[in-house]
Amino acid sequence: MPTDTNLSASSAKPTTIRAAIPRRLLMCPPRFFDVTYSINPWMNPRKPSDGALALLQWERLRDVYLALGHAVELIEPLSGLPDMVFAANGATVVDGKVLGARFRHMERTAEGPAYLEWFLRNGFDEVLWPEAVNEGEGDFLLAGRRILAGTGFRSDPRSHAEAQEFFGLPVTSLTLVNPNFYHLDTALAVLSPDEIMYYPDAFSPGSLAVLREMFPGAIEVAKADADVFGLNAFSDGYNVVLPQAAVGLVETLKDRGFNPVGVDVAELLKAGGSVKCCTLELRQGRG
Ligand code: ARG
């Protein structure tokens, strides 16, 4: 049920009515957060990171979700798994079906079974342990009733076929080419069932052409906003929670009738993650 509606303020454009749909989210408190290894260009173990600050910023993000009316479930973090805070990578959940994650790097492999166990203990009975490497919602984004799937750095393209077969939904493969945007959710955000925003330079020429074909009205985001992980955003259909440093996106989103909500998660960016990375959506039924 929509909780909040809004009429777009822009008079030049047709009125857009947006409704926020309450979501059920899974998050993992970063009690063991640290940068002890490097598996993406953002991670520098020699640079100091502040675990207490990371936890504080994460708590604010959780509070923003709660204030917006979303339900937040928690998974216990495990010591020795500093990236477990990035719950988006833990699985992909559509229609109550759970596709487990199989990580590319051995530093994170133990997270796959840890997340899967949470699902088995929390009443999700349709669960698949995958054969191909896939890093959950890091590379699988649901747009309406289709899945946009990233590859190039982390998820194996074979996982795209596996997801299509398991969920019974069309999967569109997109190839990422810029190592700074190594997961699809760092380069593209789904705003509503048929609206997305993305950073064109993160994609191969063919994948960019596919995006332009599928979403001719999409927001193409500038480098300055992509570089501060502005695309690592969570949308409930009206509110778009995103890193506050992505200032260039504020007006663009407002113009389209969305309500941008900036949060400071700068400490987590030292591990190459931001808002969306901390957020896994638990999609129960259809719709
Ligand atoms: N340090 C983590 C990694 O490189 C960051 C994961 C970010 N998560 C995401 N959904 N993009 O795997």
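Aspartate 95 lies in the loop between β5 (91–94) and β6 (97–100), where strands are DSSP runs of E with at least two residues and helices are runs of H or I with at least four, both numbered from the N terminus. This is a predicted model, in which local features need pLDDT of at least 70 and side-chain atom pairs count only at pLDDT 80 or more, while totals for chains, interfaces and linings use all residues. Residues are numbered from 1 along each chain as its sequence is written.

Let us stay with aspartate 95 for a moment. Its phi is near 55°, a positive value in a residue other than glycine.

Phenylalanine 229 is buried, because 28 other C-beta atoms lie within 10 Å.

**The sheet around β6**

β5, β6 and β7 form, in that order, an open sheet of 3 strands with mixed pairing; two strands pair if DSSP finds at least two bridges between them. The edges are taken by β5 and β7 (127–128), each with a single partner strand, so one side of each has no neighbour in the sheet. β6 and β7 run parallel and are joined by 2 bridges, with valine 98 opposite valine 127 in β7. Helix α2 (residues 111–121) packs on this sheet, touching β5, β6 and β7, and its direction makes about 165° with that of β6. Helix α3 packs on the sheet as well, touching β5, β6 and β7 at about 160° to the direction of β6. Touching rests on contacts, meaning C-beta atoms, placed from the backbone, within 7 Å. The angles run from 0 to 180 degrees between N-to-C directions, with axes fitted to C-alpha atoms, for helices over the stretch in contact.

**The sheet around β9**

Another open sheet of 3 strands has the order β8-β9-β10, again with mixed pairing. β8 (140–143) and β10 (171–175) are its edge strands, and each has a single partner strand, so one side of each is left without a neighbour in the sheet. On average, neighbouring strands of this sheet are turned by 25° against each other, direction ignored. Strand β9 (residues 146–151) pairs with β10 in the parallel sense over 5 bridges, and leucine 148 stands opposite threonine 172 in β10. Helix α3 (residues 158–167) lies across β8, β9 and β10, running at about 160° to β9.

Strand β14 (residues 234–235) pairs with β15 in the antiparallel sense over 2 bridges, and valine 240 in β15 is the bridge partner of serine 235. Their hairpin has 3 residues between the strands, and in it glycine 237 takes a positive phi near 105°. Strand β15 (residues 239–243) is mostly covered, with 5 of its 5 residues buried. β15 also runs parallel to strand β16 (residues 259–263), joined to it by 5 bridges, and proline 243 stands opposite valine 263 in β16.

Leucine 280 lies in strand β17 (residues 280–281) and counts as buried because it has 28 C-beta neighbours inside 10 Å. Tryptophan 42 is found in the loop between β3 (24–27) and α1 (51–67), and counts as buried because it has 20 C-beta neighbours inside 10 Å. Which residues are in contact with tryptophan 42, leaving aside its neighbours within four places in sequence? They are Leu269, Lys270, Ala271 and Gly272. Leaving aside such neighbours, the contacts of leucine 280 include Leu25, Ala87 and Glu137.

Note on methods: A residue is buried if 20 or more other C-beta atoms lie within 10 Å of its own, exposed if 12 or fewer, and partly exposed in between; C-beta atoms are placed from the backbone. Two residues are in contact if their C-beta atoms, placed from the backbone, lie within 7 Å.
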